[in-house]
Amino acid sequence: MDPDERVQLATRGTVEIIQRGELERLLVENERPRAYWGFECSGMRAIACTE
Amino acid sequence: MMHVGQGLVCGDKIQDLIRAGFQFTIFLADYHSMINNKYGGDLQKIRTTGEYFQHCFTALGVPREKVEYIWASDLADSKEYWERVLRVARTVSTQRVLRAIPIMGRDMKSKDTDAAAIFYPCMQAADIFEMRLDVACAGIDQRKAHILAREAGERLNWGKPVSLHTPILMGLHGVPDTAAGSYDEDPKLNRVIAAKMSKSKPEDNILIHDEPEVVEQKIGRAFCPAGVVEGNPILEYFRILVFRGNGGIQLERDPKYGGKVEVETYQQLEEAFAAGKIHPKDLKSNISRILSEKLAPVREYFRKHPKPLEEMRSLGAG
């Protein structure tokens with residue numbers, strides 16, 4: 001997958017990227033970058049996420 | 001229980017990033033949940049919920065072998081971690097940390113903030129550096145934590161993590177007028193977060209476990225006046241959950257009312273709805289069908305693995 005395709009996949013459906021240019025550079029330079037999503041473990045909603 | 005907002009928005013985004021070549025970590029923030037008084041700070045119940053989340057993400061199409069799960073309390077089991085927390089804390093003022101506590105779903109003007117809350121944003125920043133992450137993903141309500149992390153990273157020469165923010169899905173009854181509080185300096189974002197924080201009723205959100213009839217019932221009662229785009233949760237569900245750059249959809253309708261119609265983009269759908277060319281009933285029946293199809297693997301998974309869900313139900317509200 002070329003970097004442009006990877007950027008498209010990574011950014012679709014997002015409302016904000018800080019900063020897009022940094023993400024584009026990352027995906028050119030790094031084949032296997034590291035990402036995370038953190039979740040509070042609660043029954044009603046995870047605050048570190050939508051709802 | 002997990003809502004479609006968390007389940008589908010996060011689940012789909014995580015799958016996108018894995019496909020884009022990312023090594024992905026799902027961080028189960030047990031300590032953070034304790035600080036935030038989830039289940040009254042009962043770590044055992046918090047961890048049961050974390051275990052359940054792992055099953056949810058597996059069911060939502062994030063295979064266990066493609067993702068790493070890390071518990072906050074395991075990450076925190078080192079001197080180096082706590083040194084990072086302290087180093088982050090040295091870069092920010094107390095006031096600044098307090099302005100970031102809306103990330104915990106708390107009003108930043110609250111007068112009775114406990115001291116534990118001060119740790120939370122500093123830990124959230126330290127987590128990112130301790131796991132050596134390039135990208136931090138979260139709902140837009142977490143932007144203050146990420147900005148704090150980026151500023152701290154720059155001052156400490158630890159690098160600036162890219163932040164990737166997803167939208168917050170509104171409840172099925174739209175944004176209530178009663179939603180109030182101070183969560184962000186930007187009035188528009190403040191309203192979105194306030195709506196999320198306002199006490200939501202179970203029927204206001206679709207759970208990833210809901211049977212098709214339940215989805216239909218909940219959607220049936222949702223706010224969706226003919227021609228109204230602003231604050232319309234059903235249109236928003238189409239925009240956020242359905243049109244994700246995978247091409248168009250087929251909208252099914254009774255032949256009496258125009259029959260099936262191909263819709264290529266969200267914009268097309270919105271314009272047709274605003275112009276009165278699509279009836280709210282059709283919008284609702286289609287989103288019910290699409291969501292129920294998307295959630296079919298989740299229902300199937302938990303039919304085979306009922307235990308984590310039963311354990312969750314026995315915990316009560318958290």
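Trainee: Which residues in α3(B) meet α14(B)?

Mentor: On the α3(B) side they are B:K45, B:T48, B:T49, B:E51, B:Y52 and B:H55, and on the α14(B) side B:P308, B:L309, B:E311, B:M312 and B:L315. Two residues are in contact if their C-beta atoms, placed from the backbone, lie within 7 Å. Helices (H or I, at least four residues) and strands (E, at least two) are DSSP runs, numbered from the N terminus. Residues are numbered from 1 along each chain as its sequence is written, while chains are lettered from A and ligands numbered from 1 in the order in which they are written. This is a predicted model: local features need pLDDT of at least 70 and side-chain atom pairs count only at pLDDT 80 or more, but totals for chains, interfaces and linings use all residues.

Trainee: At what angle do α3(B) and α14(B) pack?

Mentor: About 145°, with the axes 9 Å apart. Axes are lines fitted to C-alpha atoms, for helices over the stretch in contact, and angles run from 0 to 180 degrees between N-to-C directions.

Trainee: Is the crossing of α3(B) and α14(B) left-handed or right-handed?

Mentor: It is left-handed. That word applies if the near helix is turned anticlockwise from the far one by less than a right angle, and right-handed applies if clockwise.

Trainee: And how do α10(B) and α13(B) cross?

Mentor: Helix α10 (residues 212-220) and helix α13 (residues 280-304) of chain B cross at roughly 145°, and their axes come within 9 Å. The crossing of α10(B) and α13(B) is right-handed. Residues meeting there include B:V215 and B:I219 in α10(B), and B:I287 and B:L291 in α13(B).

Trainee: Why is α11(B) said to be largely enclosed?

Mentor: Seven of the ten residues of α11(B), which spans 233-242, are buried, so the rest of the structure largely encloses it. A residue is buried if 20 or more other C-beta atoms lie within 10 Å of its own, exposed if 12 or fewer, and partly exposed in between, with C-beta atoms placed from the backbone. Among the buried residues of α11(B) are B:P233, B:Y237 and B:F238. The buried residues pack against α1, α12 (266-274) and α13 of chain B.

Trainee: New topic. What is the secondary structure of chain A?

Mentor: Chain A has two helices and two strands. From the N terminus on, the order is α-β-α-β. Of its 51 residues, 43% are buried.

Trainee: Which strands make up the open sheet, and in what order?

Mentor: Six strands, with mixed pairing, in the order β1(A)-β4(B)-β3(B)-β2(A)-β1(B)-β2(B). At the edges stand β1 (16-18) of chain A and β2 (67-71) of chain B, each with a single partner strand, so one side of each has no neighbour in the sheet.

Trainee: How does β2(A) pair with β1(B)?

Mentor: In the parallel sense, over seven bridges. Two strands pair if DSSP finds at least two bridges between them.

Trainee: How many residues of β2(A) are buried?

Mentor: Six of the seven, so β2(A) is largely enclosed by the rest of the structure.

Trainee: What ipTM does the predictor give the complex?

Mentor: The ipTM is 0.90, and the pTM is 0.92. Chain B averages a pLDDT of 92, and 96% of the residues score at least 70. pLDDT is the predictor's confidence in each residue, from 0 to 100.
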